[in-house]
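Here are my notes on this one, as numbered points. Have the model open while you read.

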Amino acid sequence: MVGKLRALLWDLDGTLAETEEVHRAAFNRAFAEMGLPVFWDQDLYRSLLETTGGKERIARFLQDCQGCPPLSPEEIARLHRRKNELFAELLAQGVDLRPGVFRLLWEAKGAGLRLALATTTSPENVHVFLARTGLEGVFDLILAGDVVPRKKPDPAIYLLALKRLELRPGEALALEDSRNGLLAAFRAGLPVLVTPGLYTAHQGFPEAQAVLTHLGEPGRPGQVLQGPRQGQALVADLAYLEEVRGWWST
Ligand SMILES: [Mg+2]
């Protein structure tokens, strides 16, 4: 056991892997299948992510799209259902974990820390993701889908995780990639380490205890953007996480 750190609470989308890229590919395939002259590149998708929910995102895009045919709510719903089918198929083909994720999970497990997953992704997609990335059986607790009534940035999912693990906020550390995720964990009283990704690097994380480009691997360290050892390149390990947590409690 390391210091007073008892558990790591992980977000999935954007933190364990860049799954938003799989969503984007699924949207683009669904558009092509339906004969729509539409392609969402990374810059466009980054702005569209400000609209939460797939159907809502498509409708928002169509409002400003020059040359797109008008779609009824039923057609948008059908397009979105097909997108979800394609997402599940693409996810089953595999997605890479972000640097340092696999190493740190096993390092923490070996040290006796408990591991929890706190995500609003559906339980079916979580299962496929864990199976394809070699993480089945790694997490002691999985909170997925509509397990709480309100999504992040509401703290409900993190409060539930702490309750289930019978831990106080100062005994755990949350790992997130986005501002909404950071706020959810922060409002639950948790110290938070943020590794911003492709679609969240432009966001602000002033409430975070530390912000790293990624968790890092030997030979490919992450850069500490904020928090303990700012400006350094490092491979995030349990000693660093304990430092982050200790920094929070002082
Ligand atoms: Mg996320």
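1. First, a term: buried area is the accessible area (1.4 Å probe) that two parts lose on being put together, summed over both. For domain 1 and domain 2 that comes to about 900 Å², with carbon and sulfur atoms giving 60% of it. On the domain 1 side, Asn 125, Leu 198 and Tyr 199 lose the most area to domain 2, together 61% of what that side buries.

2. Keep in mind that this is a predicted model: local features need pLDDT of at least 70, side-chain atom pairs count only at pLDDT 80 or more, and totals for chains, interfaces and linings use all residues. Residues are numbered from 1 along each chain as its sequence is written, and side-chain values use heavy atoms, with hydrogens and water left out.

3. As for the layout, domain 1 covers 7–17 + 96–249 and domain 2 covers 20–92; the bounds come from an automatic or database domain assignment. Their centres, taken over C-alpha atoms, are 28 Å apart.

4. Back to the interface: eight residues of domain 1 touch twelve of domain 2, where contact means heavy atoms within 4.5 Å. Zero salt bridges turn up across it (a side-chain nitrogen of Lys or Arg within 4 Å of a carboxyl oxygen of Asp or Glu).

5. Now the metal. Asp 11 (OD), Asp 13 (O) and Asp 177 (OD) are the protein donors of the magnesium ion, at 2.1 to 2.2 Å. Donors here are N, O and S atoms within 2.8 Å of the metal (3.2 Å for Na, K and Ca); water is not among the atoms, so sites may look incomplete. Along the chain the donors are spaced D-x1-D-x163-D.
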